[in-house]
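Colleague: Could you take me through this model? I would like to begin with the overall picture and then turn to details.

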Amino acid sequence: VGLVRLRNRSARFNSAHPRVMSSELFEEYQQEFVQLLASINKMLNAQIPNYTGEQRKQAITKTEKDLDKASELFHEMDTEVQSIPQAHKANFSAKMSKHQADLNKLKRDVKATAAGTYTADRSKLFDGYSGGGGSSSDMQSLMDENNQRLQRTSDRLANAHRIGAESEAIGGNILGELDTQRATIVRVGQRVQSVDANIGKSKNILTSMGRRVASSKIILFSTIVLLIGILGIVIYFKLKH
């Protein structure tokens, strides 16, 4: 499951961040590789020697499967090393050479165990899995280094998650402010429409008043003309008599 998870992660991110992801994935593959080889070493030197019959066969079969997984992990590690820039590859290549020697040593030991010719050495439980003179302190140091890298990766992911959460909160606040401003703009628009309607009504009233004033002026003028006419007739008849 761990190998599948790492492969999926490599497929998603390695193309976008080749330098960072290749190195980090190598370290994660290496940690799982180290743990798996340590488990195989423990099985060969502490458990299988105590088994007999069917239980021994099952343990050997499991050890062979674990060795196949270790070989797959080694292949994945080698693939990641190929993606690392040449300037940083020397250190990883040296590690791969050591891992290759350790893996080949365990392959020979597993084969000998299956053939019944392997002699368990319990002291190897405290010498790590390395057949090249590795020590438990070296193995522990390597595992501690890998754990520290994983912790740094986890811290970076947690920091990215925190930044994402903060960005999401800021975005939510901005959306809330925009929604408030939108509501304000809608209200202003409604008020403008109301003012336009009132202006239209006022215009109609003024037009109506203008018509009434014009009508009043016409009536007044007609009245004056009529009165002048009547006055003229009266004066005419008085002068005639």
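Modeller: Of the 241 residues of the protein, 26% count as buried. Please keep in mind that this is a predicted model.

Colleague: Which secondary structure does the protein have, and how many helices and strands?

Modeller: The protein has five helices and zero strands. Along the sequence, the pattern reads α-α-α-α-α.

Colleague: What share of contacts between residues at least 6 apart in sequence join residues at least 24 apart?

Modeller: The share is 71% for the protein.

Colleague: Let us turn to helices. How does one describe two packed helices?

Modeller: One gives the angle between their axes and the distance between the axes.

Colleague: How do the axes of α3 and α4 lie, then?

Modeller: Helix α4 covers residues 89-115, and its axis and that of α3 come within 10 Å, crossing at roughly 165 degrees. An angle over 145 degrees counts as roughly antiparallel, and α3 and α4 are therefore roughly antiparallel to each other.

Colleague: Is the crossing of α3 and α4 left-handed or right-handed?

Modeller: The crossing in which α3 passes α4 is left-handed.

Colleague: Which residues meet there?

Modeller: On the α3 side, the residues include Ile60, Leu67, Phe74 and Val81. On the α4 side, Phe92, Met96, Leu103 and Val110 are among them. By class, the contact of α3 with α4 has twelve nonpolar, seven polar and five charged residues.

Colleague: What about lysine 57: where is it found, and is it buried or exposed?

Modeller: Lysine 57 is found in helix α3. Its relative accessibility is 54%, so lysine 57 counts as exposed.

Colleague: And how far apart are lysine 57 and alanine 114?

Modeller: In sequence, lysine 57 and alanine 114 are 57 residues apart, while in space their C-alpha atoms are 8.1 Å apart.

Colleague: A new topic: how many aromatic pairs does the structure hold?

Modeller: The structure holds three aromatic pairs. In one of them, the rings of phenylalanine 33 and phenylalanine 74 have centres 6.3 Å apart and planes at 45 degrees, so the pair is tilted.

Colleague: Which helices hold phenylalanine 33 and phenylalanine 74?

Modeller: Phenylalanine 33 lies in helix α2 (residues 18-47) and phenylalanine 74 in helix α3 (residues 53-83), so the pair ties together parts that are 41 residues apart in sequence. Both phenylalanine 33 and phenylalanine 74 are buried.

Colleague: And how are the rings of tyrosine 236 and phenylalanine 237 arranged?

Modeller: Their centres are 5.6 Å apart and their planes stand at 75 degrees, so the pair is edge-to-face. Tyrosine 236 counts as partly exposed at 49% relative accessibility. Phenylalanine 237 is also partly exposed, with a relative accessible area of 44%.

How values were computed. Residues numbered from 1 in each chain as written. Predicted model: local features only at pLDDT ≥ 70, side-chain atom pairs only at ≥ 80, totals over all residues. Heavy atoms only, no water. Phe/Tyr/Trp six-rings, centres within 6.5 Å; stacked < 30°, edge-to-face > 60°. Helix = DSSP H or I, 4+ residues; strand = E, 2+ residues; numbered from the N terminus. Buried < 20%, exposed > 50% of the residue type's maximum accessible area, 1.4 Å probe, protein only. Axes fitted to C-alpha atoms, helices over the stretch in contact; angles between N-to-C directions. Parallel < 35°, antiparallel > 145°, perpendicular 65-115°, else oblique. Left-handed = near helix turned anticlockwise from the far one by under 90°. Contact = heavy atoms within 4.5 Å. Nonpolar A, V, L, I, M, F, W, Y, C, P; charged D, E, K, R; others polar.
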